[in-house]
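Hi,

Here is the structure I promised to send over. Have a look at it first, and then read on for what turned up.

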Amino acid sequence: MRYIPNSQADRQQMLAEIGVDSTEQLFAGIPEKLRLRRFLDLPKALSEPELLEYFGKRASKNEIEAAAFIGAGIYRHYIPIIIDALISRSEFYTAYTPYQAEIAQGTLQAIFEFQTYIAQLTGMDVANASLYDGSTGLAEAILMAQRITRKNKFLVARTVHPEYRAVVDTYAKNLGIQIELIGYSPDGQMNLEQLARKLDSNTAAVVVQSPNFFGTIERTHDVAEIAHKHDAMSITNVCEAISLGILKPAGGDQSEKRRADIVVGEAQSFGVPPSFGGPHVGFIATREKYVRQMPGRLVGMGKDFSGRRGFVLTLSTREQHIRREKATSNICTNQSLCALMATIYLAIIGPKGLREICEHNVLKTDYAVTQIRERTKFHVLFSAPRFNEFVVQSPLPLSDDRRAREGFPGLPLRRFYPELGNARLLCVTEINSREQIDRMVQGLAS
Amino acid sequence: MSKQERAAGHFSINESLLFEEGSPGRRAFDLSPLDVPLKQLGDLLDPELLRGEIDGMPELSEVDVIRHFTRLSTWNYHIDLGLYPLGSCTMKYNPKINERMARLEGFAFAHPYSPAEMIQGALEVQKTLEDCLAEISGMDAVTLQPAAGAHGELTGILMVRAYHESRGNPRRSILIPDSAHGTNPASAAIAGYVVESVPSNKRGTIDIGALQRVVNDEVAAIMITNPNTLGIFESEIAETTELLHGHGALVYMDGANLNALMGMTRPGDFGIDVLHINLHKTFTTPHGGGGPGAGPVAVKKVLEPFLPYPVIESKTDGTYSFNYDRPHSIGKIKAYNGQFGMHVRALCYILANGAEGLKEVSEVAVLNANYIRSKLKSAYALAYDSASLHEVVFSDRLQARKDVRVWDIAKRLMDYGFHPPTVSFPLIVPGAIMIEPTETESKQELDAFVQAMLAIDREAQQNPEIVKSAPHTTRVGRIDEAAAARKPILRWRAG
């Protein structure tokens, strides 16, 4: 096998050294009745050229243009070439978790930079080294708020990504957590009156997402203020991290009462490809005072014993390898390499580039919405301001499924929001050209 | 160091934080010109919604960015540089073709919400990987959704819970041997279970007698690792699974050490009901400096109804689809369907090996570990005499007499050009040194490591100070972790 260096001659020498005749003898600890005495039934081994052909064929079966206007938590943004050049360095991608700080300073400093960027963008005090993704991040945020408040009731906007809510349900159901959903208003935002009615002193936290699943920008600071009035925490979820470049961050308000306590989300938009749903990169940011209740790894700045600056994994007494069943989370890993991609992306794009990308997203989305309104019979739902996604409702009856599947762009919302009938969620980013948008609108019009 | 020795000095360039670099007006990126009508943002978005400048975000040129991260990268040890003898972590070579295949445009830009007919290639890759993992592990069905090993543990235990609930009682506790990974008890706790620890016996394996005393009808499952974290095969595994099954409990296996077993024996054949598999260990997806990993979970038929949704189905016409209609499912454990990029890499590795190749992998992994065992056992105390499979656990007992502890040995190895082994784990071995070389190391590399370990032992006996103050050749010395944790600085701030 080409990934095994030792030749048969090497192996014979080593066996002699050990004092056995064959590798078979080394497996004597496995009872004979449990041994597999046949080869595994697997596809036959392929040479490298055969592998190229095998995967090339399957990759080309995916019609990626079909997703040109699908977002829904996974966004297609331009990915600068530099990112792949840098993360393809073995020094980064073949390194282990940086437990041995002296020979992992590269990874550690990069994660420290990631933490800084996320804190800056969200307006929060601190961020961790990343989480698996946005959906599990939101579940972790809810568990964190339960630990801090020792309360179990959570009010969650229905406009939060439906799959994120599904993941939260899976985590929550054995931990005594009750999730109550808050509906949306005709403008496509969380219904704040309903929220105020349902809030009480048993409420641990309120969860809102902005931009929400419909692409609508939520009034996250109002939500925080309402939550805080009832001593509940405020959690803001962000699926579309690019929006942080232009929208007032949930952690950034002059008034403490209007600041979120936890901002959690998905940073896939920062240079990480959609990759059929993963790997992406979750983040979580919070206030200084809650840092010891955070899940996942944290990198801290410190000094070695000669006073040189260095970085190191810190506050690990929260974590499973020390605390076992009393840990803040069962998480062992983060998404280091994807966090590195996001860090490189932000370094490349810079504050001005990020703002320009945001402007292009908003303007192109506005253009698409205007064109659909003017040229087609589709209704654009929800009046509140939007970032780069919007919901359209087809004039065709729901039963016209075939047409819907073949001809229409975007994600059908029926599975998640049956009350919206044959509505679809569309996304337009800086990489969608005007020509592409015009073609899409043309398709809807015909 | 003489020139025969492995590590030599080389310059390492200092580099500030990104936030201390940069200069206003530098750019590394240009957008294509806007091709839709320009409007004032204020007309579209209420100014109340907009943010001002992002405080402290640097402006950098392309060369700035390249140099910055390239310099940082040179501060890392990595598998392409040399042996990574981390027990339980299975740091093996990551084949380059895996990377190339995961980056194919049709994979990297596929969207899971595209209509099924537009993503047949991705679904086929996932289904094929599921089938391969089921065969390797001897199980009936696989979910690829969990994002990492610990996430797979949680998924598996939630399925155990759903199984018991479907029979009327979720039961109360999970039994976990004291040699287990810390993630095991943490995952069981999140699934709402009480954790009961089971002691190991003198041979380093599960103590069946002790187990008999604690198992009862309120035990939901036992979580075992096999080979266990000492690298020892649980020879009474069949008796263990029978005992648990006799009480209606299930058996969970932490598949972290599957690298020792491929083609030799299958968890499904020794009574395991559910196990997770770390693709970043046995199946060569890169560790990435701490993730992304991937933790598929394989189950027996009885647990299949409880798999996270969606499940991938293959139809008779050769097409594939996601089935979301799974009434008994534990739900979703992650958005979409797992770390697909890792799935491509793992399948690429399995197909490169085939059945004979994977068996050879396990054989040589075990051979390499035993070679190290035989070379080091006179200088370092073996924690247990039992036969080792893919990893071997020593302790620092012989060096501790000179007050040289496992941590010192680990740090000193860096001066010899090696990453340290896993240390202080498993917890049942005081001063544990856990070495897993993997099959992708040559005899020369193993010999160099052995020489380094023996040299450190000699130093420990003759000149312990040099070991206790190591490392001496790295760009930073030991970081004062206690100080860093007392007043944590977790981000850069201006000023």
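Let's start with the largest nonpolar core of this predicted model. It has 306 residues, and those touching the most other members are Ile142(A), Ala205(A), Ala342(A) and Tyr252(B). Helix H10 of chain B (residues 340-376) supplies the largest share of this core, at 21 residues.

Ile142(A) is a handy place to start clicking. Which residues does Ile142(A) touch, if you skip those up to four places away in sequence? The list is Phe154(A), Val168(A), Ala172(A), Ile177(A) and Ala205(A).

Is E2(A) mostly covered or mostly open? Mostly covered: four of its five residues are buried. Here is what goes on around E2(A):

- E2(A) pairs with strand E3 of chain A (residues 178-182) in the parallel sense, over five bridges.
- One of the partner pairs there is Ala157(A) with Ile182(A), the latter in E3(A).

In what order do its four strands come? The order is E10-E11-E13-E12, and the sheet is open. Its edge strands are E10 (379-381) and E12 (411-412) of chain A, each of which pairs on one side only. Inside the sheet, E11(A) (residues 389-393) and E13(A) (residues 423-427) run antiparallel and are joined by five bridges. To find that pairing on screen, look for Gln393(A), which stands opposite Ala423(A) in E13(A).

Last item: the contact between the chains. How many residues does each chain put into the contact? Chain A gives 157 residues and chain B gives 173 residues. On the side of chain A that touches chain B, helix H12 of chain A (residues 336-375) has the largest share, with 21 residues. Split by class, that side of chain A has 80 nonpolar, 45 polar and 32 charged residues.

That's it from me for now. Cheers!

Key: Residues numbered from 1 in each chain as written. Chains lettered and ligands numbered in written order. Predicted model: local features only at pLDDT ≥ 70, side-chain atom pairs only at ≥ 80, totals over all residues. Buried ≥ 20, exposed ≤ 12 C-beta atoms within 10 Å, placed from the backbone. Helix = DSSP H or I, 4+ residues; strand = E, 2+ residues; numbered from the N terminus. Pairing = 2+ DSSP bridges. Contact = placed C-beta atoms within 7 Å. Nonpolar A, V, L, I, M, F, W, Y, C, P; charged D, E, K, R; others polar. Core = buried A, V, L, I, M, F, W, Y, C linked by C-beta atoms within 7 Å.
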